[in-house]
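Student: Can you walk me through this fold? I'd like to start with the strands and move on to the side chains.

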Amino acid sequence: MLISRRRLLKYLLIVASSQGLPAFATVQGGTVSPGSLADRHMRLIPSSGEKIPAIGLGSWLTFAIDLDDEDELDKRIAILREFLSRGGGVLDSSPMYGVAQDVIGKGLEEIKQHDALFSATKVWTTGDRQGFIQMEESRLLWGLEQLDLMQVHNLLDWETHLPTLHTMKQQGDIRYVGVTTSHGRRHDELEHIMRTQRLDFVQFTYNMVDREAEQVLLPLAKEKGIAVIINRPFQRGGLFDRFERHPLPPWAGEIDCSNWAQFFLKFIISHPAVTCAIPATSQITHLRENMQTCYGRLPDDAMRKKMLAYVQSL
């Protein structure tokens, strides 16, 4: 993929500028009918005051298709169209996810109208030069002039990439800076980064079974004013394998849950430190169930404890 001469010159400026940035800095501060998009559960990005929908869409595995298979491509484009029409915002991807970004770009090109999109992708390589080239390739694949959020994927070479990302943010190439990790990986290092670096977003795993993040990461994000994206909200489908054969509790309707997906997701987005959860799916019906979570009543602290007790009893 070709990168324009203007962008390459800009890269040289970014690399030169990033060398002068400080390595560390403190941080600033029953089925419900969706109805109007104004009724969505929205969450604040602390660093800017902007709000985004509490339910987004991941693309890992589900968008890794054969690009020559027009039927599969059409299905993914339909997913994107449905996601945006139902009030979705955060669309998350990565160069690690094979052709997922190609699929997203083709979908956005066909959909045309996607003003509500919040584009979130990642840098997943080492070295400042390779990092910038990869990020520019991602921007071209998405077909966007500006990406909303760029994240260092699984903390890979974060010491090199974060200064570059901050310079790109200052120059308007991206709007927000973040880092990510997967379940159970490098939480101590992530904590260190959250305490010492300027971050707009952090992404990690949290669900009704994997709750380690409640101990340090979620309270720390709240304290530092860092927005939180939750990955693996269904434990890569493991929660359905484990619990779907059981009925929902009879009181699930009190929080407007009609299926397990909504039950799992409402538990997550009702945590006061969580900004957005990004379930992945390749099925329209599942997407509709997930997006329904953005509407209706959410559990309070007492209900969250009741939900956990029910799950733990099964």
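**Strands, helices and rings**

Tutor: This is a predicted model. Strand E8 has cover on both faces: Phe-201, Gln-203 and Thr-205 are buried on one side, and Val-202 and Phe-204 are buried on the other.

Student: How many of the residues of E8 are buried?

Tutor: Five of its five residues, which span 201-205, are buried.

Student: Why do the residues split into two sets like that?

Tutor: In a regular strand the side chains alternate between the two faces of the sheet.

Student: Which way do E7 and E8 run, and how many bridges join them?

Tutor: E7 and E8 run parallel and are joined by three bridges. Within that pairing, Val-179 has Val-202 of E8 as its bridge partner.

Student: And how many bridges join E8 to E9?

Tutor: Five bridges, again with the strands running parallel; E9 covers residues 227-231. Gln-203 has Ile-229 in E9 as its bridge partner.

Student: What is the order of the strands in the sheet?

Tutor: The order is E3-E4-E5-E6-E7-E8-E9-E10, eight strands in an open sheet with parallel pairing. E3 and E10 (276-277) are the edge strands; each has a single partner strand, so one side of each lacks a neighbour in the sheet.

Student: What about E6 and E7, how many bridges there?

Tutor: E6 (residues 147-152) and E7 (residues 174-180) run parallel and are joined by five bridges. Gln-151 stands opposite Gly-178 in E7.

Student: Which strands does H5 lie across?

Tutor: Helix H5 (residues 158-170) lies across E5 (118-123), E6 and E7, and its direction is at about 165° to E7.

Student: Switching to H10. Which of its residues are buried?

Tutor: In H10 (residues 284-292), the buried residues are Leu-287, Asn-290, Met-291 and Gln-292. Their cover includes strand E3 (57-58), helix H2 (70-85) and helix H9 (260-269).

Student: Now the rings. How many aromatic pairs are there in the whole structure?

Tutor: The search finds 15 aromatic pairs. One of them is Trp-260 with Phe-263, an edge-to-face pair at 5.2 Å centre to centre with 75° between the planes.

Student: Why are Trp-260 and Phe-263 about one helical turn apart?

Tutor: Because Trp-260 and Phe-263 are three residues apart in helix H9, about one helical turn separates them. An α-helix has 3.6 residues a turn, so residues three or four places apart point the same way.

Student: Are those two buried or exposed?

Tutor: Trp-260 and Phe-263 are both buried. They also belong to a cluster linked by ring pairs, together with Phe-234, Phe-240, Phe-243, Trp-251, Phe-264 and Tyr-310.

Student: What lies over the face of Phe-267?

Tutor: Arg-304 does, at 4.1 Å from the ring centre.

Student: Cysteines next. How many disulfides turn up?

Tutor: Zero, over the whole structure. For Cys-276, which is in no disulfide, the nearest cysteine sulfur is that of Cys-294, 7.9 Å away.

Student: Why does Cys-276 count as buried?

Tutor: Because its relative accessibility is 0%. Cys-257 also counts as buried, because its relative accessibility is 3%.

Student: Last one: where is Leu-141 found?

Tutor: Leu-141 is in helix H4 (residues 128-142). Leu-141 counts as partly exposed because its relative accessibility is 22%, and the cut-off for buried is under 20%. Leu-141 and Val-103 are 38 residues apart along the chain, with 8.6 Å between their C-alpha atoms.

Technical notes:
Residues are numbered from 1 along each chain as its sequence is written. This is a predicted model: local features need pLDDT of at least 70, side-chain atom pairs count only at pLDDT 80 or more; totals for chains, interfaces and linings use all residues. Side-chain values use heavy atoms; hydrogens and water are left out. A disulfide is a pair of cysteine sulfur atoms within 2.5 Å. Buried means under 20% relative accessible area, exposed over 50%, partly exposed in between (1.4 Å probe, protein chains only). Helices (H or I, at least four residues) and strands (E, at least two) are DSSP runs, numbered from the N terminus. Contact means heavy atoms within 4.5 Å. Rings of Phe, Tyr and Trp (its six-membered ring) pair if their centres lie within 6.5 Å; planes under 30 degrees apart count as stacked, over 60 as edge-to-face and the rest as tilted. A charge sits over a ring if NZ of Lys or CZ of Arg is within 6 Å of the ring centre and within 35 degrees of the ring normal. Two strands pair if DSSP finds at least two bridges between them. Axes are lines fitted to C-alpha atoms, for helices over the stretch in contact, and angles run from 0 to 180 degrees between N-to-C directions.
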